[in-house]
Amino acid sequence: VTYSDINNAAMLMEVAARRGSYVPELSFGTHFFQDLVESAIRYLPIFPGEHGVVFNDEFLRRAPSVLGDLVPEYVHLAAAVRVIDVPAATRGLILRVLMNADTEEALGMFAEPAGGPGAADRPSWSGIAPSLAQAPPGAAEHWRWRLEMAERIAAAADPARFGIKAMYVFGSTKNATAGPASDIDLLVHVSGSAEDRRALALWLEGWSRALTELNYLRTGRRSDGLLDVHFVTDDDIARQSSYAAKIGAVTDPARPLRIASTPNYQLPNDQGT
């Protein structure tokens with residue numbers, strides 16, 4: 001087998017099925033490792049019989065093989081090579097594999113394709129987090145999703161109710177370096193009363209818990225809360241104390257988020273919109 005034989009694969013899986021006292025030694029993708037990385041081909045080793053491992057080899061053995069239909073000249077290899085049309089063998093379902101490298105766990109399941117039968121009757125998350133409807137996100141999707149969520153929070157905030165003057169995002173979300181377990185760092189410029197701030201903190205806590213659950217569904221990573229919120233006042237900004245120094249900073253400044261009443265929010269000290 002050469003790389004040209006597998007370069008269109010989405011995943012390579014090796015099965016180490018024990019026979020007596022012998023367990024096959026897997027390659028762990030080393031033969032094509034660099035090619036797999038560059039082509040984003042996933043690799044998964046399976047060890048049937050080990051604790052916690054469930055492997056449905058009956059489906060692979062009994063589902064009809066379409067090798068002869070695709071390449072009749074190689075039908076003599078049917079005993080060694082099986083080609084399964086999964087939708088045809090499962091009445092329209094596809095094989096979906098979810099993987100978590102951090103916990104070294106994977107789950108393969110038959111599922112309806114996006115937009116398939118019954119899709120109209122299923123709950124849609126697209127209005128909250130469009131990437132949930134896609135494959136597990138790559139590195140770039142972590143910060144993009146977090147930035148979109150920060151923008152949605154700002155757009156949904158009620159400045160009059162909570163005494164909000166401005167909201168900003170900073171840190172890994174703003175710098176496009178966020179990973180699957182990264183917080184969303186928010187900076188909130190407030191001018192309301194202590195009671196307003198407590199109400200705002202509770203409102204943001206609700207967002208934090210909801211986003212934590214969504215992030216778990218996307219990445220399999222659990223956390224205590226996804227938002228890391230810092231409040232600053234006019235006095236903090238005037239003194240450039242603590243996180244207030246990030247507002248309008250020359251290097252690594254916080255990024256303003258649009259809220260309902262500030263379509264052209266003026267940064268303190270006339271540092272731009």
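I started at leucine 77, which is partly exposed, with a relative accessible area of 35%. The model is predicted, and I kept that in mind throughout. I placed Leucine 77 in the loop between α4 (67-70) and α5 (86-89).

Next I turned to the interior. In soluble globular proteins, nonpolar side chains tend to be buried together. I found that the largest nonpolar core has 23 residues, of which Ile164, Met167, Ile184, Leu186 and Leu211 touch the most other members. I noted that α6 (139-156), β5 (164-170), β6 (184-190) and α8 (194-219) each supply at least two residues of this core. The most comes from α6, with 6 residues. I also recorded a second, separate core of 9 residues, with Ala166, Phe170, Leu187 and Ile237 among them.

I looked up the contacts of methionine 167, leaving out residues up to four places away in sequence. The residues that Met167 touches include Ile153, Ala154 and Ala157, as well as Leu186, Leu187 and Val188. Arg255, Pro256, Leu257 and Ile259 are also touched by Met167.

Last, I went through strand β5. I counted 6 of its 7 residues as buried, so β5 is mostly covered. I found β5 paired with β6 in the antiparallel sense over 6 bridges, and Val169 stands opposite Leu186 in β6. With strand β8 (residues 255-257), β5 pairs in the antiparallel sense over 3 bridges. There I saw tyrosine 168 opposite proline 256 in β8.

Conventions. Residues numbered from 1 in each chain as written. Predicted model: local features only at pLDDT ≥ 70, side-chain atom pairs only at ≥ 80, totals over all residues. Heavy atoms only, no water. Helix = DSSP H or I, 4+ residues; strand = E, 2+ residues; numbered from the N terminus. Buried < 20%, exposed > 50% of the residue type's maximum accessible area, 1.4 Å probe, protein only. Core = buried A, V, L, I, M, F, W, Y, C linked by side-chain atoms within 4.5 Å. Contact = heavy atoms within 4.5 Å. Pairing = 2+ DSSP bridges.
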